[in-house]
Each structure stands twice: as structure tokens, then as C-alpha cells.
Amino acid sequence: MAIVLELWDFMKVRKKFWLLPIFTLLLLLGGLIVLTQGSAVAPFIYTIF
């Protein structure tokens, strides 16, 4: 949780709010890959990439 707060402080101080959608997308894609790794949905997810 500390890394998220530190990242938010960095974006707030440096005015780099354009990084927020990039980090959000990366987290969502990473979570999708981790959650579907052992399921029947995995072959369909891999066709997206």
C-alpha cells in the first residue's frame, strides 16, 4: 500500500497525472492475466495479445 501512496505523491508533486491511466491499464491487464492463468478463459485472453 505504501508504494501506491508514494506513487500518488510523486504524481501530485511533479504534476504527472497523465501517468495514472497508464498505471491503471497495466494493473488491470496484469490482474486479468493472473486471474485467468488456470481457468478455461485463458485461451480467449491470449488471443487478445
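**Helices, a pocket and a ring pair**

Reply: The protein has three helices and zero strands, where helices (H or I, at least four residues) and strands (E, at least two) are DSSP runs numbered from the N terminus. It's a predicted model, so local features need pLDDT of at least 70 and side-chain atom pairs count only at pLDDT 80 or more, while totals for chains, interfaces and linings use all residues. Residues are numbered from 1 along each chain as its sequence is written, and side-chain values use heavy atoms, with hydrogens and water left out.

Me: What order do the elements run in from the N terminus?

Reply: They go α-α-α.

Me: What span should helix α1 have, and what do its end C-alpha atoms give?

Reply: Helix α1 covers residues 2-14, so 13 residues at 1.5 Å each should span 18 Å. The expected span is 1.5 Å times one less than the number of residues. The end C-alpha atoms are 18 Å apart, which agrees.

Me: Is K15 buried or exposed?

Reply: K15 counts as exposed because its relative accessibility is 61%. The cut-offs are under 20% relative accessible area for buried, over 50% for exposed, and partly exposed in between (1.4 Å probe, protein chains only).

Me: And how much of the protein is buried?

Reply: 10% of the 49 residues.

Me: Switching topic: which residues line the largest pocket?

Reply: I3, V4, L7, W8, M11, L20, F23, T24 and L27. On a 1 Å grid over the protein atoms alone, a pocket is an open set of points where a 1.4 Å probe fits, with protein on both sides within 12 Å along at least five of seven lines; lining residues have an atom within 4 Å of a point.

Me: Which helix gives the largest share of that lining?

Reply: α1, with five residues. Both α1 and α2 (19-35) supply at least two each.

Me: How many aromatic pairs turn up in the whole structure?

Reply: One. W8 and F17 have ring centres 5.8 Å apart and planes at 55°, so the pair is tilted. Rings of Phe, Tyr and Trp (its six-membered ring) pair if their centres lie within 6.5 Å; planes under 30 degrees apart are stacked, over 60 edge-to-face, the rest tilted.

Me: How exposed is W8? And F17?

Reply: W8 is partly exposed at 37% relative accessible area, and F17 is partly exposed at 40%.
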